[in-house]
Amino acid sequence: MLMGAAGVGKTCIIKRWIERRYFGEYIPTKFQKETTEVAVKGKNCKVEILDTAGLSAYWSLRDSFVRTVDGIMLVFSLNDVESFEYLTTLHEQVSRGMREDSTIIIIGNKEDLPEDVRSVNYHLAQETANKLGAEYRETSAMTGFQIDDAFLKLIELCMDKRIAVNDVPTKKTKKGKITQCRQQ
Ligand SMILES: Nc1nc2c(ncn2[C@@H]2O[C@H](COP(=O)(O)OP(=O)(O)OP(=O)(O)O)[C@@H](O)[C@H]2O)c(=O)[nH]1
Ligand SMILES: [Mg+2]
């Protein structure tokens, strides 16, 4: 699921990944689902991507799906400091609602823009992501920069976390009964 302020590029990021093209026109999203398939760690994965609204009128729909997803991309735009500041609030809300075995990655989009219009520097964004315990990637839906990497990283993290949280090893008792034990 992609979340973040309006106009940061969530829909363009998805279109770049799935359709390998840049869709530059801005049409505000209400809520939509896209599907694709990708090989990760030698396994074919069917990936469902939820594209959510930055506009607050549609947030109730967005928020009702938080608990259902394996991974969340929190997206801000590198030339929009308010969209970056909003991430901390969003992260707090999402962390309360999401499942224990789901994962968050933070994305600074519009990396193609020149330095003079950039208002969030790499180190600040990386430091914030560290504090929130999330990976950070800078992407450009326009050029395709790190788009594959961002999605593949999130999918890998989702797979690893799911295994770590849900892998409950079994052991045999003296009577041969199988019991489950949590890892320490
Ligand atoms: N320069 C640049 N512009 C981008 C990039 N990605 C998106 N844009 C522009 O940003 C605008 C908004 O992109 P969207 O993908 O529609 O934004 P969104 O986050 O889905 O917006 P909502 O659906 O309203 O939440 C578009 O007009 C794009 O042209 C990028 O990587 N670089
Ligand atoms: Mg959109």
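Q: There's a ligand in this one. How many residues surround ligand 1, and which are the closest?

A: In this predicted model, ligand 1 has 21 residues around it. The closest are G9, T11, Y26, T29 and G54.

Q: Okay, and which helix gives the most to that shell?

A: That's α1, running over residues 10-19, which gives 3 residues.

Q: What is the shell like by class?

A: Sort it into classes and you get 10 nonpolar, 8 polar and 3 charged residues.

Q: Let's stay with α1. How do I read a helix in general, and is this one mostly covered or mostly open?

A: General idea to start: an α-helix has 3.6 residues a turn, so residues three or four places apart point the same way. Now the case here: α1 is mostly covered, with 7 of its 10 residues buried. Those are K10, T11, C12, I13, I14, R16 and W17.

Q: And what comes after α1?

A: R20 follows the helix, and its phi is positive, near 55°.

Q: How do I read the nonpolar core? Which residues have the most contacts inside the largest one?

A: Think of a core as buried nonpolar residues joined through C-beta atoms within 7 Å. The largest one here has 35 residues, and I13, M73, L74 and V75 have the most contacts inside it. At least two residues each come from a whole list of elements, including β1 (2-4), α1, β4 (71-77) and α5 (147-166). The largest share, 6 residues, comes from α5.

Q: Could we zoom in on M73? What is it in contact with, leaving aside neighbours within four places in sequence?

A: M73 is in contact with L2, I105, I107 and L154.

Q: What about the chain as a whole: how many helices and strands does it have?

A: The count is 5 helices and 8 strands. Follow the sequence along and the pattern goes β-α-β-β-α-β-α-β-α-β-α-β-β. The C-alpha trace spans about 70 × 30 × 30 Å along its principal axes. Of the 184 residues, 31% count as buried. Among contacts with a separation of 6 or more, 66% are between residues 24 or more positions apart.

Q: Last one: what is the mean pLDDT of the chain, and where is the pLDDT below 50?

A: The mean pLDDT is 90, and 91% of the residues reach 70 or more. Over residues 178-184, though, the pLDDT is below 50. That stretch has 11 contacts in the model beyond near neighbours in sequence. Where pLDDT is low, the predicted coordinates should not be read in detail.

Notes
Residues numbered from 1 in each chain as written. Chains lettered and ligands numbered in written order. Predicted model: local features only at pLDDT ≥ 70, side-chain atom pairs only at ≥ 80, totals over all residues. Near = placed C-beta within 6 Å. Helix = DSSP H or I, 4+ residues; strand = E, 2+ residues; numbered from the N terminus. Nonpolar A, V, L, I, M, F, W, Y, C, P; charged D, E, K, R; others polar. Buried ≥ 20, exposed ≤ 12 C-beta atoms within 10 Å, placed from the backbone. Contact = placed C-beta atoms within 7 Å. pLDDT = per-residue confidence, 0-100.
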